Amino acid sequence: MSYRGRLAPSPTGYLHLGHARTFFIAQQRARAATGTLILRNEDLDRARCKPEFVSAMFEDLKWFGFEWQEGPDVGGPHAPYNQSERLAIYRKTFEQLRREGVIYPCVCSRKDIQQALQAPHASDDEPIYPGTCRNRSPEAGTRASWRFRVPDGEAISFTDTARGPQTFVAGKDFGDFVVWRHDDFPSYQLAVVADDNAMRITEVVRGADLLLSTARQLLLYRTLGLTPPAFHHCDLMTDESGARLAKRHDALSLRALRRRGADPAQLRVSLST
Ligand SMILES: [Zn+2]
């Protein structure tokens with residue numbers, strides 16, 4: 001099976017050097033394997049994704065030196081490559097999870113969940129869902145999200161191609177997670193699994209902030225009877241104060257670097273060391 005990797009940016013802001021580094025590793029791994037690199041536009045968050053960020057994303061990626069063989073601009077055998085155009089695929093996945101009986105409707109607000117927690121959560125991942133709706137059936141017509149019921153206490157293990165063996169315990173490291181949002185859109189977890197499978201991705205290269213998401217997604221792959229790809233989680237880039245780079249670090253956006261006359265060839269060299 002030939003290598004298929006992907007770049008999956010979300011047009012909710014300008015891409016910064018941290019994204020570029022993760023994408024650059026993804027591109028290098030695809031090239032080293034003489035594989036295919038796919039660009040997928042993760043534009044499901046209608047409130048935060050903006051058309052100007054989509055055009056900036058293409059411009060900035062090309063300026064930096066990224067090249068992809070399939071994507072929204074060049075097409076390919078697994079089109080469309082914009083998540084907002086793939087809703088029918090996600091709905092099919094959702095229906096399959098529902099038939100399997102592994103998901104349930106949840107009517108909790110963010111505030112309900114915060115109040116039900118015993119202790120404030122320390123990690124920067126989402127708080128562990130307290131299970132309030134696990135055994136209650138909401139009244140018909142209530143706007144609910146749908147959560148995956150995790151197998152409490154089960155260790156979810158995988159071997160990361162960058163970091164080696166990883167184990168996370170369901171119900172302890174992460175709780176029941178949303179697969180379908182109350183606004184009738186798929187969650188990140190569901191959309192990514194459906195797409196990586198449909199697009200025949202063989203290795204997912206992404207930031208280490210998504211390690212717990214990988215554990216969640218492995219449960220989805222298993223439930224859906226799908227073979228998961230390999231996972232390669234890169235260290236996150238931090239600023240001088242040790243804080244993780246975010247889209248709000250405008251000075252390190254590819255846009256700002258370009259405006260200041262940065263040379264993409266030099267940036268690529270600095271990222272590969
Ligand atoms: Zn709930």
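Biologist: Which residue meets the side chain of Arg163 in a salt bridge?

Modeller: This is a predicted model. A salt bridge needs a side-chain nitrogen of Lys or Arg within 4 Å of a carboxyl oxygen of Asp or Glu. For Arg163 the N to O distance is 3.1 Å, and the partner is Asp235.

Biologist: How many residues apart are Arg163 and Asp235?

Modeller: Arg163 sits in the loop between strand S5 (155-160) and strand S6 (164-169). Asp235 sits in the loop between strand S9 (230-234) and helix H7 (254-259). The pair links distant parts of the chain, and the separation is 72 residues.

Biologist: Is Arg163 buried, partly exposed or exposed?

Modeller: Its relative accessible area is 33%. Buried means under 20% and exposed over 50%. The value for Arg163 therefore makes this residue partly exposed.

Biologist: Which parts of the protein does the salt bridge of Arg4 and Glu70 tie together?

Modeller: The side chains of Arg4 and Glu70 meet at 2.9 Å, N to O. Their positions are 66 residues apart in sequence, so the pair ties together strand S1 (residues 4-7) and the loop between helix H2 (51-64) and helix H3 (87-100).

Biologist: What separates Glu95 and Arg98 along helix H3?

Modeller: Glu95 forms a salt bridge with Arg98, with the closest N and O atoms 3.5 Å apart. Glu95 is partly exposed at 28%, and Arg98 is partly exposed at 39%. The two are three residues apart in helix H3, so what separates them is about one helical turn.

Biologist: How many salt bridges does the structure hold?

Modeller: Side chains of opposite charge can pair when their charged atoms come close. The protein has 37 positive and 33 negative charges, and their mean positions are 1 Å apart. The count of salt bridges is 22.

Biologist: What radius of gyration does the protein have, against that of a compact globule?

Modeller: The C-alpha trace spans about 60 × 45 × 40 Å along its principal axes. With 273 residues, a compact globule would come out near 19 Å. The protein agrees, with a radius of gyration of 19 Å.

Biologist: What share of the contacts joins residues 24 or more positions apart?

Modeller: The fold comprises eight helices and nine strands. Count the contacts with a separation of 6 or more. Residues 24 or more positions apart account for 75%.

Technical notes: Residues numbered from 1 in each chain as written. Predicted model: local features only at pLDDT ≥ 70, side-chain atom pairs only at ≥ 80, totals over all residues. Heavy atoms only, no water. Helix = DSSP H or I, 4+ residues; strand = E, 2+ residues; numbered from the N terminus. Rg over C-alpha atoms; globule rule 2.2 N^0.38 Å. Contact = heavy atoms within 4.5 Å. Lys, Arg positive; Asp, Glu negative; His and termini not counted. Charge placed at Lys NZ, Arg CZ, Asp CG, Glu CD. Buried < 20%, exposed > 50% of the residue type's maximum accessible area, 1.4 Å probe, protein only.
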